[in-house]
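Dear colleague,

I am handing over the structure we spoke about; please find it below. My notes on what was found follow it.

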Amino acid sequence: MEIRIAANAGFCFGVRHAIEKGEALIEEGKGPLATLGPLIHNPQEVQRLESMGIRSYDDYDDITEKSVIFRTHGVTPAVCEEANRRGLTTFDCTCPKVRAVQKLAEKYAEDGYQVLILGDANHPEVQGIVGWSGDRAEVFFEPEELQRLNLTGQKVCLVSQTTEKTERFESAVEILKDLDLADLVVRNTICAATRDRQYDAGKLAREADAMIVIGGYNSANTNKLVNICQEAGVTTYHVEIAADLQASWFDGVNLIGLTAGASTPDWIIREVIDKMEELTMEQGLEQGYGTLDPL
Ligand code: F3S
């Protein structure tokens, strides 16, 4: 059996930057640190960070640390203000690409545009962007929902959650172009790291007999990769850790594709590969490798 890894898989630049910054702050003696919500959407990595002194909370009232990190997905201005009001030292680990979307939402909302965000209204990144628009942005999940918004005659600015799928964004643009708007500004804010991971996952899924996608069950970008592989018509398994793998998945499989979400650390990917080797060796299957570059 050949294990082939997608050319772009695992930690993106924004997540790596946030983790490295958190680790550096601890090394410099600036810990212990708190985060409001997990720094990234990967429970095992969040646990590792906690053991280093970076702890995740759901509520400001529970924080006992003197310093707080704003996480990769970004936070609302209200969350920043509350940290200042409480006298907490703040460190901003918002991914620069998410920060750029927040700034767009702020600018266009101030200029009188109806900001529209394609994405999941319950995701912290989207909630942060809405906050920067002064809570004036509308979030929609299905492009068709745009038909129901009364946008005629309005100035509209369209942005996207960074982890969205390009096809869905393009559908939204087409729908908006057909409406009678005073102005339409389209900013495709889908992150290139996301786009590359999605493209490579789809390409590999079309070649492989089965796909393994590694990442947090709560990770939006990992779930999108699962979705893309399934849409390619291949049997797809979503695992968080090596222990989730099952030997029966490899029966009769010649080429297994492997990809991982942008918040999946290298050490988990390695553990999954090691476990795959172990399971297939137990079955007496021959090993072989494709791309190993990303690790
Ligand atoms: Fe940032 Fe893109 Fe990663 S928005 S957190 S670099 S997926």
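This is a predicted model: local features need pLDDT of at least 70, side-chain atom pairs count only at pLDDT 80 or more; totals for chains, interfaces and linings use all residues.

Where domain 1 and domain 2 meet, twelve residues of domain 1 are in contact with eight residues of domain 2. On the domain 1 side of that contact, the residues divide into five nonpolar, six polar and one charged.

Next, the ligand. There are 14 residues around the ligand, and those that come nearest are Cys-12, Gly-14, Cys-95, Thr-162 and Cys-191. Three helices each supply at least two residues of the shell: H1 (13-27), H4 (96-110) and H7 (192-207). Of the elements involved, H1 gives the most, with three residues. By class, the shell holds eight nonpolar residues, five polar ones and one charged one.

There are two sheets to describe. In general, the strands of a sheet pair through backbone hydrogen bonds, and the pairing is either parallel or antiparallel.

Strand S4 (residues 67-70) pairs with S5 in the parallel sense over four bridges. In S4 and S5, Ile-69 stands opposite Phe-91.

The other is also an open sheet of four strands, ordered S7-S6-S8-S9 and with parallel pairing. Its edges are strand S7 (138-140) and strand S9 (183-186), and because each has a single partner strand, one side of each is left without a neighbour in the sheet. The twist from one strand to the next averages 20°. Strand S6 (residues 114-118) runs parallel to S7 and is joined to S7 by three bridges. Ile-117 stands opposite Val-139 in S7.

H4 touches S6, strand S8 (155-160) and S9, and the direction of H4 makes about 170° with that of S8. Helix H6 (residues 166-177) touches S6, S8 and S9, and its direction makes about 170° with that of S8.

H4 also packs against another helix. Two packed helices are described by the angle between their axes and the distance between the axes. For H4 and helix H5 (residues 124-132), the angle is about 35° and the axes are 7 Å apart. The crossing of H4 past H5 is right-handed. On the H4 side, the residues that meet H5 are Val-98, Val-101, Gln-102, Ala-105 and Glu-106. Their counterparts in H5 are Glu-125, Gly-128, Ile-129 and Trp-132. By class, this contact has five nonpolar, two polar and two charged residues.

Two points of backbone geometry remain. Most residues other than glycine have a negative phi, and most peptide bonds are trans. Gly-31 and Pro-32 are joined by a cis peptide bond, with omega at about -5°. Pro-32 lies in the loop between H1 and strand S2 (33-36). Asp-135, a residue other than glycine, has a positive phi, near 60°. Asp-135 is placed in the loop between H5 and S7.

Regards

Key: Residues are numbered from 1 along each chain as its sequence is written. A residue is near a molecule or strand if its C-beta atom, placed from the backbone, lies within 6 Å of it. Ala, Val, Leu, Ile, Met, Phe, Trp, Tyr, Cys and Pro count as nonpolar, Asp, Glu, Lys and Arg as charged, and the others, Gly among them, as polar. Two strands pair if DSSP finds at least two bridges between them. Axes are lines fitted to C-alpha atoms, for helices over the stretch in contact, and angles run from 0 to 180 degrees between N-to-C directions. Two residues are in contact if their C-beta atoms, placed from the backbone, lie within 7 Å. A crossing is left-handed if the near helix is turned anticlockwise from the far one by less than a right angle, and right-handed if clockwise.
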